[in-house]
Each structure stands twice: as C-alpha cells, then as structure tokens.
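Colleague: Hi! Could you walk me through this one while I have it open?

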Amino acid sequence: MGHEPPVVEAGVASGLCRAQRARRLANLLNLSTPLGLAVARAGGARRRPGPYGLVLAEGYGFRFPVAGAFTVGDVIVTASTFDALLRRHPGLLAHEERHSRQYAVFLGLPYLPLYTLAMAWSVVRTGDRSSRNVFERHAGLLAGGYVERPAQPLTATLSGAVNLLRTRRSPRR
Ligand SMILES: [Zn+2]
C-alpha cells in the first residue's frame, strides 16, 4: 500500500473564499470528491493541489471519458497535463470549478445521471455533447474549449436517427 499524499487537506488555509470552502466540504461529504480521487487513483494519475481548492490529476491512463479533462467532485482529471491544456484553454480550471460547484448543488452523485441526460439532450438538439447541455453552458462553453453548434430542426434529428437504425439493421459483411 502506498502512502496517500494529503491532497484534499492541502490548501485549506491558503486563502480560499467561503463559497469554495463550502463546496469542498459539500463534495467531501456527498462522496463525489472521494469518488474522483478513487477514479484518479484507478487511472494511475498523479495528483497535486490546484487553484480554487481543486485537486489536479494528470496522466490518467484510460481512454474514457474522451474529453480533454473531466471533473468528479473537486478532482479534475486529464490524460494529458494541465500545463498543456491551459496553454490551449486558459479558462479551463475556472470552467471545471463551476462543474465542481454543480456537484455540490446537486448533492454529489445524482449530478452524474443529470449531466448524462443534459448531454443526451444536447446531442439530440445539436449533434454535439455540449452546445445545449445546460451544465456546460453554465460552466462556460468557450472557457471549456467548446464551439457552440446551432440547434438543428427536430426533423433532421429524427431522419438522422432513422438512418442510424437502418444502418444498424443491415446485415454485417
Ligand atoms: Zn465542462
């Protein structure tokens, strides 16, 4: 068993505002931050304290989820490094911190199915996971490195779904 670095405790006294402390406590108690730490550990990511009282985990070894970075509780996980990500998207950590606040507001783990529903709705409306995803819009599409796509008519969505079903049904060769 390896020694666990005290990443969650680090930075408690280092000038976090009251809202950030409340978020950290909420995400600790609602188990989303412990889940994030477990996900980071399972993926072999290196952890270090980040701004806003976040935990940054880099070098995550799995391919899922595919996004440049994803947030579970107060833990921001990437397969890349944050130096590389922040060079491309300087507002990324502020964006991810808003996701952390969303976890706190939705009491931790219930946020995950809600986020999945919002993502599915966005795919139906725009063909894209974030453009009409209420959580990504609240966190800031541009800061998250997303390009907003326009909503498409529902007829286009339906004909796309029908085509997909037809393709699925055709026999494999
Ligand atoms: Zn996001």
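Colleague: What order do the four strands of the open sheet have?

Modeller: The order is 1-2-4-3, with mixed pairing. Strands here are DSSP E runs of at least two residues, helices are H or I runs of at least four, and both are numbered from the N terminus; two strands pair if DSSP finds at least two bridges between them. Keep in mind that this is a predicted model, where local features need pLDDT of at least 70, side-chain atom pairs count only at pLDDT 80 or more, and totals for chains, interfaces and linings use all residues. Residues are numbered from 1 along each chain as its sequence is written.

Colleague: Thanks! Which strands stand at the edges?

Modeller: Strand 1 (46–49) and strand 3 (70–72) do; each has a single partner strand, so one side of each has no neighbour in the sheet. The twist averages 25° from one strand to the next, with axes fitted to C-alpha atoms (for helices over the stretch in contact) and angles running from 0 to 180 degrees between N-to-C directions.

Colleague: And in what sense do strand 1 and strand 2 pair?

Modeller: Antiparallel, over four bridges, with strand 2 covering residues 55–58. R46 stands opposite E58, and R47 has A57 as its bridge partner. Five residues lie between the strands in that hairpin, where Y52 takes a positive phi near 60°.

Colleague: Nice. Which strands does helix 2 touch?

Modeller: Helix 2 (residues 32–42) packs on the sheet and touches strand 1, strand 2, strand 3 and strand 4 (75–77). Its direction makes about 30° with that of strand 4. Contact means C-beta atoms, placed from the backbone, within 7 Å.

Colleague: Switching to the core: how many residues does the largest nonpolar one have?

Modeller: It has 17 residues, and A40, L54, A57, V75, I76 and V77 have the most contacts inside it. A nonpolar core is a set of buried Ala, Val, Leu, Ile, Met, Phe, Trp, Tyr and Cys residues joined through C-beta atoms within 7 Å. Buried means 20 or more other C-beta atoms within 10 Å of a residue's own, again placed from the backbone. Helix 2, strand 2, strand 4 and helix 4 (92–105) each give two or more residues to this core.

Colleague: What is L54 in contact with, leaving aside neighbours within four places in sequence?

Modeller: D74, I76, L93, E97 and S100.

Colleague: What takes a positive phi just after helix 4?

Modeller: That's L107, at about 60°.

Key
Two residues are in contact if their C-beta atoms, placed from the backbone, lie within 7 Å. A residue is buried if 20 or more other C-beta atoms lie within 10 Å of its own, exposed if 12 or fewer, and partly exposed in between; C-beta atoms are placed from the backbone.
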